[in-house]
Amino acid sequence: MNVPTMANMMAAGETPEVLFWVGCAGSFDQRAQKITKAFVTILDKVGVKYAILGKEEMCTGDPARRAGNEFMFQMMAYQNIQILNGYEIKKIVTACPHCFNTLKNEYPALGGSYEVIHHATFLQQLIDEGKIKMKDGVEFKGKKITYHDSCYLGRANDIYEAPRKVLEAMDAALVEMKKCRSNGLCCGAGGAQMFKEEEKGTTRINIERSDEAIETGASIIAAACPFCNTMLTDGVKNREKENEVAVLDIAEIVAMSLG
Amino acid sequence: MHYLLQLLFLLVSGYAIWLFSKNILRIRKNILLGKPEALNDQPGKRWKNMLLLALGQKKMFRNPTVAVLHLVVYAGFIIINIEMLEIMLDGILGTHRLFEKPLGKLYPLLINAFEVLALLVLLVCVVFLIRRNVLKLKRFISHDLDGWPRSDANYILITEIILMGLFLKMNAAETAMSSYHGESYLVSGYIVPIYQHMFSDVQLVWIEKTCWWLHILGIYAFLNYLPYSKHLHILLAFPNAYYARLKPVGEMHNMEQVQQEVKYMMQPELAPTGESAPMKFGAKDVMDLSWKNLMDAYSCTECGRCSAACPAHQTGKLLSPRKIMMDTRDRLEEVGKNIEKNGSFIEDGKQLINDYVSVEELRACTTCNACVQECPVSISPLDIIVELRRSLIMEDSNAPQEWNAMFSNIENNFAPWKLSPDDRDAWTREG
């Protein structure tokens, strides 16, 4: 894949329209890499002039901060803001709600103010502007899809409609779980839980949530967060439903429908 | 006799109000033990929050049936208390139904409205008692409420039923007397024939007077019960909505001290010379929390909507956001008493972490904000959880092994996993 980096762009004297913040999951996690590639495919297809930071990108510090390690968070934030301000970045798009929340809501107080947009909203805008063209024999027409709200997109940032509108544009039959939108149940990964074993309980959070999603009878669980994706995929596997139910990111769904 | 009763009324009223004010000031003092936090910006938004969330009970309507029931009790209670004005004036002046003459035809209309509301309040309170004690809704049978908190809820409901009953009986006794020529009232009218059958006029006068006195004494008792009860929310919901944080809920409170420290570490030339004051990170005890966290604790109605929505709680983990709020209030009361007794806080070998809230509870939080979203009175249990977590990590270096690994990965590889930063863009080189 030919993915432009900020360093290369600068060297060529160019500025991108938008910086694609890939995030740690999108960069390193094998499953999330597919989401990253799907999103890049869309950007290329639509002809958005973008760039990534590449090796210069670092963890935003979100899991460290939420675990309670403010020092680690501030160190990461300081370094990221130095880089972002150094490149005079104005607009950032990211496929991770955790990166999105930190960049959008927490960096301004530390001297890093940018227009930050989550890929759900970004994709919705591209669709609204008619820039995304679908295939004729539409891939997802009438398919039952249920959308899982990411906490950091929904409750934290009030983005409930954009991802749903993207799915509706795919002509999919959207079915809601009983707990959706602001009532949505967490996947279990937030607050740095992704990086440790769960506490003792009667069940795991991701299994509880996957069960709710499976109950809808949908053949696809759509997510807009790489961590939700991992948690729900594990939950579906745990119920041995991986052949009937796929967990996909909205970017993957759009990329598959591209004409 | 008249003057004696008037004097007695004044004394009782004065004492009740004095005692209530004293307790409210005590609570205010306890709340101000918290750290300062400026929450005065954007007054327009704050007034709007207070109108919508406290007065309008917007969040309650996430469950419309319960919201309507709650609204009946709330509106009924407030509107019926307009009648209190007449009761107070009658008590002070030694008059009887002072407003009856000047209001003319409007008066029976008002009393009828109050009576209908009183009956509705009474019925809803019965429904609420049934929900708690017969239907045993999950959030009401939780262990969080074992002991006093469970009785507290029942006491309030029973008191409301008694108060409404007294109001209706008082009206019934009066209109049952042979000296009364007007029409009986909408609800108490049903009791009138029974009273006329059972009691003489002299007895009815006594019933009327007794109900009047018990009603007002009951209200004073209720008023002074509030500061010890979860029912304090009827007052604190208002300031708590006004002072609610206006930032997006996903934004964690920034620790400027740490921000500065990191800046000096990265740019040592900016660092001030000389010793800096030792820092304390996060919260171990209630005094380390913000005053808003402490007002949150006093505003909590222990309804348990937060815990019912909490992913950790739903899946059987120890964490219950409601318990976090109850623990904070309990500890704050304890600290307040300690200060009252000793003049200033004397170390009692206890703190909020460990003695009230366990590490296991704190670790289970996914910071998903469901508890914050649910709370009808603008409480953030998450904020307290995060402050306690900060202290665990930064003061005590108390972290699970996996988190320590995550921290060191972020520090060394700039990602939470043990993967080389050189491979961050490796995906671009694959197909």
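## Helices on the sheet

In this predicted model, helix α8 (residues 161–169) of chain A lies across β5, β6 and β7 of chain A and runs at about 170° to β5(A). Helices (H or I, at least four residues) and strands (E, at least two) are DSSP runs numbered from the N terminus, while axes are lines fitted to C-alpha atoms, for helices over the stretch in contact, with angles running from 0 to 180 degrees between N-to-C directions. Helix α10 (residues 226–238) of chain A also packs on the sheet, where it touches β7 and β8 of chain A, and its direction makes about 175° with that of β8(A).

Residues are numbered from 1 along each chain as its sequence is written, and chains are lettered from A in the order in which they are written. Local features need pLDDT of at least 70 and side-chain atom pairs count only at pLDDT 80 or more, whereas totals for chains, interfaces and linings use all residues.

## The parallel sheet

The sheet is open and has four strands in the order β6-β5-β7-β8 (chain A), with parallel pairing; two strands pair if DSSP finds at least two bridges between them. Because β6 (173–175) and β8 (246–249) of chain A stand at the edges with a single partner strand each, one side of each is left without a neighbour in the sheet. Neighbouring strands of this sheet are turned by 35° against each other on average, direction ignored.

Strand β5 (residues 144–147) of chain A is joined by three bridges to strand β7 (residues 220–223) of chain A, the two running parallel, and A:T146 stands opposite A:I221 in β7(A).

## Two domains

The domain assignment of chain A, which is automatic or taken from a database, gives domain 1 (6–123) and domain 2 (134–257), and their C-alpha centres lie 23 Å apart. In contact with 26 residues of domain 2 of chain A are 25 residues of domain 1 of chain A, contact meaning that the C-beta atoms of two residues, placed from the backbone, lie within 7 Å.

On the side of domain 1 of chain A that touches domain 2 of chain A, α3(A) gives the most, with eight residues.

## The α7–α11 pair

The axes of α7(A) and helix α11 (residues 250–257) of chain A come within 10 Å and cross at roughly 30°, which makes α7(A) roughly parallel to α11(A), a term for angles under 35 degrees. This contact is made by A:H119, A:A120 and A:L123 of α7(A) together with A:I250, A:A251 and A:V254 of α11(A).

Notes. Parallel < 35°, antiparallel > 145°, perpendicular 65-115°, else oblique.
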